[in-house]
Amino acid sequence: MSDCVHCGFCLTTCPTYVLWGAEMDSPRGRIHLIGQGLSGEPLSDSMVGHFDRCLGCMACVTACPSGVQYDRLIEDTRAQVERRHVRGVRERALRAAIFALFPYPRRLRLLRGPLRAYQKSGLQKLVGRTGLLRRLAPTIATLESLAPRLHGVPRPPARVQARGEQRAVVGMLTGCVQSAFFPDVNSATVRILAAEGCEVLIPPTQGCCGALSVHNGRRAEAQRFARRLIDTFERTGMDYFVVNAAGCGSSLKEYGELLANDPRYAGRAAGFAAKVRDLSELLVELGPVARRYPLPMSVAYHDACHLAHAQGVRTQPRALLQGIPGLEVRRIAEAEICCGSAGVWNVLNPGPAADLGDRKAKAVLATDANLLVTANPGCLMQVAAAVRRQGGTIALAHTAHVLDASIRNLPPDTLLTRS
């Protein structure tokens, strides 16, 4: 904590400080509050409110010239809050509902049928025009606005052989939100890996990686998820463990720290974490063998916070996109400012999340690109909802969609019809 010299370099990159200009809602302000807590100041509702309002985007970690480990500070603080602070009844109920649903892929998949019926019936458009849902139940309205258009996609098989010469054996995380609402991203990821000479292992028994839990101070819960995932994959003989969701990847790479005090899992967790790669990292590390066909179009690449700031993965996705003939990659202004998704932050804080989403949508639309590309399901949902609120139109895709289309020689229209 004493590494922070309160220089203020973090201020212009912090989403909540940018929104409100309040010192206690900046990284250095929260570090000051953490110091007060360590000095004996009780965890008041006000203090906890400032910690809760942090998105955990880690843009401040990138901006800090002193190397302050704000990610560790806020994570440890949130764990303390969950252990020691009693929230109000409504807040407890909301959080209980969120964590009884989102970390469980099977429960999320049960929502697909009713949600598809709601979207196809026209009821969604009718409810949206009335505006009643946002006034009466903003949390439900936020969830409703974030839900993507659903399409039927078969689940990937447990094992997919490499095409051509095998270069690596890869375990793959299918994820929770990703598998339920973006199964096409997983399908595209499998095809890319196979085309690049990877045998892909996808055990159907895998569950949540624990990212959502650890980012919200629920450490014991996250540890349970982590142990189960390690048990599922460590005997597969994989060379790498590939992730196509930024928030999941950042937590998986920290399994060594998460289970450092567990004598049975500490070494195993560190070994597992050493194999974790974001999809773009692995593809650049292996080097391309599959031919890239032209995609004559312009894309705006959005850095997911937990990919750029938490994992430091910035050049690899851009290098992959720039390696596609005919594809122009455009820069988004204020790229360091979070879109407001931040796991479930947009559900817990729908008003400020919408403000950040609208700010990001304006910056995206200003690029006049044909397609927005990012590497996180939360970002895709958040920006899509904000673009609709702005009355704009732009197709949205995961990095895997674009690479898959190029490798399969699909026409640009297959990407431009996505929204």
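**Notebook: sheet, helix pairs, cavities**

I started with the sheet: five strands make an open, mixed one, ordered β1-β3-β2-β4-β5. Strands here are DSSP runs (E, at least two residues), helices are H or I runs of at least four, and both are numbered from the N terminus. Two strands pair if DSSP finds at least two bridges between them.

Before going on, I noted that this is a predicted model, where local features need pLDDT of at least 70 and side-chain atom pairs count only at pLDDT 80 or more, while totals for chains, interfaces and linings use all residues. Residues are numbered from 1 along each chain as its sequence is written, and side-chain values use heavy atoms, with hydrogens and water left out.

β1 pairs with β3 (residues 198–201) in the antiparallel sense over two bridges. Arg159 sits opposite Leu201 in β3.

**Helix on the sheet.** I then followed α13 (residues 183–195), which lies across β1, β2 (168–172), β3 and β4 (240–243) and runs at about 145° to β3. Axes are lines fitted to C-alpha atoms, for helices over the stretch in contact, with angles from 0 to 180 degrees between N-to-C directions. Contact means heavy atoms within 4.5 Å.

**α13 and α19.** The axes of α13 and α19 (residues 279–286) come within 11 Å and cross at roughly 10°. That makes the two helices roughly parallel (angles under 35 degrees; over 145 is roughly antiparallel, 65 to 115 roughly perpendicular, the rest oblique). Thr189, Ile192 and Leu193 of α13 meet Leu279, Leu282 and Leu283 of α19. I sorted this contact into five nonpolar, one polar and no charged residues (Ala, Val, Leu, Ile, Met, Phe, Trp, Tyr, Cys and Pro are nonpolar; Asp, Glu, Lys and Arg charged; the others, Gly among them, polar).

**α23 and α24.** The axes of α23 (residues 350–366) and α24 (residues 377–390) come within 8 Å and cross at roughly 80°, so these helices are roughly perpendicular. Their contact has seven nonpolar, three polar and four charged residues.

**Cavities.** I found five cavities of 30 Å³ or more (on a 1 Å grid over the protein atoms alone, sets of points where a 1.4 Å probe fits but cannot get out; lining residues have an atom within 4 Å of a point). Grid points are joined across faces, edges and corners, and volume is the space filled by probe spheres set on them. The largest cavity holds about 140 Å³. Its lining has 16 residues, with Cys4, Cys10, Ile31, Cys64 and Val68 nearest the centre.

Methods:
On a 1 Å grid over the protein atoms alone, a cavity is a set of points where a 1.4 Å probe fits but cannot get out, and a pocket is an open set with protein on both sides within 12 Å along at least five of seven lines; lining residues have an atom within 4 Å of a point.
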